[in-house]
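Let's take a walk through this structure together, one part at a time.

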Amino acid sequence: MMHTDILVIGGGPSGLSAAIAAGKSGAEVLLVEGNQYFGGQLVKQTHMFFGSEKQYAATRGFDIGKKLVEEVEVYDNVKTLHSTTALGIYEDGIVTLEQKTESEDVYLKVRAKTIIIGTGALERSLPFTNNDLPGIYGAGAVQTLMNEYLVKPGKRVLMVGAGNIGLIISYQLLQAGVEVAGIIDASSEIGGYLVHASKIRRSGVPIFTGYTIVKAEGKDHLEKATIAQVDRHWKPIPGTEKEFKVDVLCISVGLTPSSALFWQVGCEMEYVRDLGGYVPKRNQYLQTTLKNIYVAGDSAGIEEASSAMVEGSIAGLSASHNLGFIYEDYQRDIQELLQELEGLRGGEKGEHIRNGYNMVGF
Amino acid sequence: MKQRIENHPILDIPLRRKIKFYYNDKVIFGLEGDTIASALHASGITQLSKSIKLHRPRGFYCAIGNCSSCFMRVDGKPNVKTCVERLREDMVVESQDGRGSIK
């Protein structure tokens, strides 16, 4: 049995930031990550980030991940375990872990005073005929294959979804030498930032708004995709079909928070459409209805890596503070972080996030 | 190796050691750093298993170990998430039809 003040579950942007903040406050921290490396989905982000300097604007995602990992290593009081998945949180405060090693899978237990959960999100899918054919991949999967393993997903791709992820990944496909036949979106407007859309259009990729995917065809692998225009009620209009000979369909229709551990441990949950699904209720310091459980990042609501990092820092500082660790700049830092978060959620694009958060506070 | 990215404006393409493994009794080569699924994909193999009830062809969907669509039998062990399992020399990888069973 291991003992720690704070257990952080998830080694992505929110978990790394939480571990750094708690480490800085002097708490004993254990950070666990299911994958072989830390950084979460930052490791495949080859594009530069927006936001302010504090959130690493103009730095590429994978470099941000490296910086956070280096910072975690500064603190002797922060221990890390990779290839380690949290299996469950029990009533007596014990968390069970499965650690994969070269030779075997090891079962571990840890008792923590406070747990910060930053488990990220899952990719959504879409219902359409033959949507399970090989060659139909989540947008994140396509990005992982290209940017982490340097493998092309195929020869010719149709992108479903013109949000920021769909636009950015279409551009990254072109950078990898893959043809993009087009981008479709059922909405009448492009959801992502105009800078990304313009870049794509300049490269000669058509964007079809008001279209949805209706059918995929192929024997053991995708060969053809059919799209159709949608009416006011999002139903396909017969006679408007267009066919694309493609070997990859990339589904970029958003993410949903990874909420299993919150359900299992018994946090009060709320379905919030603007945040992508079920999320735990929490106060502004990211403390859930169970006072020893905190949440941060996409598992708190789908947003961006920038806000995940700020949330992680808030959760890490607040959790340590509540355990009695004295960090003299606590008040100043936490106020600054709360303001940063407000800044990130400002403007027209942040409206749905602000609406969402009004539903989960307590 | 026809699906490998050979040059890229942002990413470095390192020289990587070849790793030999077996896929349904065929010898295949992947590269150091590959997962089982990325190595198979690079060799043009995208069907990893068949679905439990209707035995429809299945590839991966999420590639980060969440969706369970990439299960294969590896070194005799069923239901291995091949999208996150690192490739090792001489691994024996077999497609899985339906629910895996322990031989």
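This is a predicted model: local features need pLDDT of at least 70, side-chain atom pairs count only at pLDDT 80 or more; totals for chains, interfaces and linings use all residues.

The C-alpha centres of domain 1 and domain 2 of chain A lie 31 Å apart. According to the domain assignment, domain 1 of chain A is made of residues 2-122 + 255-358, and domain 2 covers residues 125-251. Where the two meet, five residues of domain 1 of chain A are in contact with seven residues of domain 2 of chain A. On the domain 1 side of that contact, you will find one nonpolar, three polar and one charged residue.

Next, turn to the place where chain A touches chain B. Chain A brings 27 residues to this contact, and chain B brings 29 residues. On the chain A side, the elements that give two or more residues are β7 (121-123), β8 (136-138) and α3 (139-147). Of these, α3(A) gives the most, with six residues. Sorted by class, the side of chain A that touches chain B holds 11 nonpolar, 12 polar and four charged residues.

Two residues in loops beside these elements deserve a look at their backbone. A:N130 sits in the loop between β7 and β8 of chain A, and its phi is near 60 degrees, a positive value in a residue other than glycine. A:L150 is found in the loop between α3 and β9 (156-160) of chain A, and phi of A:L150 is likewise positive, near 60 degrees, in a residue other than glycine. A:L150 has 23 other C-beta atoms within 10 Å, so it is buried.

Finally, move to helix α8 of chain A, which runs over residues 330-344. This helix has 15 residues and reaches 21 Å from its first C-alpha to its last, close to the 21 Å expected at 1.5 Å a residue. Which residues of α8(A) are buried? They are A:L337, A:E340, A:L341 and A:L344. These residues cover an arc of only 100 degrees around the axis, so they sit on the same side of α8(A). The buried residues of α8(A) pack against α7 (305-322) of chain A. On the other side of α8(A), the exposed residues are A:Q331, A:R332, A:Q335, A:Q339 and A:E342.

Note on methods:
Residues are numbered from 1 along each chain as its sequence is written. Chains are lettered from A and ligands numbered from 1 in the order in which they are written. Helices (H or I, at least four residues) and strands (E, at least two) are DSSP runs, numbered from the N terminus. The expected span of a helix is 1.5 Å times one less than its number of residues. A residue is buried if 20 or more other C-beta atoms lie within 10 Å of its own, exposed if 12 or fewer, and partly exposed in between; C-beta atoms are placed from the backbone. The arc is that of the directions from the helix axis to the C-beta atoms. Ala, Val, Leu, Ile, Met, Phe, Trp, Tyr, Cys and Pro count as nonpolar, Asp, Glu, Lys and Arg as charged, and the others, Gly among them, as polar. Domain bounds come from an automatic or database domain assignment.
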